[in-house]
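I opened my notebook to look around this structure for the first time. Come along while I write down what I looked up.

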Amino acid sequence: MTTSSIGKKRVLPAWMKLCRSESSAEEKNESLSKKPREERIQAAAVNFEKILSDSLQELLFLGSLVYSHHRSDCSLLCEEMDASLRGRAGSFIGFDMEWPVTYRPGRQEKTAVLQLCPATDKCYVFHLSCIGDVPPGLQRLLSSPDITKVGVGIQSDLWKLERDYGMSVAHIIKSSVVDLSEFANRVLGTAETWSLDGLVKHMFGKKINKNPALRKSDWSVFPLSDSQKSYAATDAYVSYLIYEKLNQMNQKNDEKVKRK
Ligand code: ZN
């Protein structure tokens, strides 16, 4: 027991109070029909999830954000990124893409934005809708076998990039991508279909902004708003952070196995 807890009245957090009142109410109504009880448990679980989520701190990219919407700028920036990362052992980039949501079944809008995070203090947001294709510098960077590209569902994102812009991606998928959901299952010993948001909650106890108004905003319109840029950069940034942490955990696990 810590000294600070002696003689002090315990103050319960809001969610704990809710759970307590739910369970005592449940005990009182035990004799009532079964269905309302199950419904109450379900409602309490939903409520608990919401309270928990509301109380979480938001993880947001606050470093230097480069927004590029010109083909030559994009190419040049990628060449610089490529030059600084190539040859550095174990280098990786957080990867994500955005496109406008459509409500027509079986149809998907063209990829509008591609985000890359090569360091915790740097993110690039490339506005492909304005650029018109995947410029050569970006193609080379993505194709580099020395630089691992990491993201949730990154394989399907790359296949979409091939469908949308005709860039071949099979060699990238084969040689230099890590899907964070698969990697997390391997390192954490879980069997989940992880979302980016889910991984952030699980690994950092924080949340990312998944405000539908932003998520479903029109990503193809120039210029992107500051909140769109920040949202897009944050997705690539947290992909970077998740991989970095999983990689460290993985190395520790390997060392433990070796010592045995
Ligand atoms: Zn995203």
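I began with S4 and strand S5 (residues 122–127), which run antiparallel and are joined by 5 bridges. This is a predicted model, so I keep that in mind as I read on. Then I looked at how the chain gets from S4 to S5, and I found a hairpin that joins them through 2 residues.

Next I turned to strand S3 (residues 92–98). I noted 5 bridges between S3 and strand S4 (residues 113–119), and the two run antiparallel. Across this pairing, I found Asp-96 opposite Gln-115 in S4.

Is S4 mostly covered or mostly open? I looked it up: 6 of its 7 residues are buried, so with "buried" meaning under 20% relative accessible area, S4 is mostly covered.

I counted along an open sheet of 6 strands, in the order S2-S5-S4-S3-S6-S7, with mixed pairing. At its edges I found strand S2 (64–68) and strand S7 (177–179), each pairing on one side only. Neighbouring strands in this sheet are turned by 25 degrees against each other on average, direction ignored.

Last, I looked for helices on the sheet. Helix H5 (residues 136–143) packs on it and touches S3, S4 and strand S6 (148–151). I noted about 55 degrees between the direction of H5 and that of S4. Helix H8 (residues 180–188) lies across S6 and S7, and I wrote down about 65 degrees for its run relative to S7.

Notes
Residues numbered from 1 in each chain as written. Predicted model: local features only at pLDDT ≥ 70, side-chain atom pairs only at ≥ 80, totals over all residues. Heavy atoms only, no water. Pairing = 2+ DSSP bridges. Helix = DSSP H or I, 4+ residues; strand = E, 2+ residues; numbered from the N terminus. Axes fitted to C-alpha atoms, helices over the stretch in contact; angles between N-to-C directions. Contact = heavy atoms within 4.5 Å. Buried < 20%, exposed > 50% of the residue type's maximum accessible area, 1.4 Å probe, protein only.
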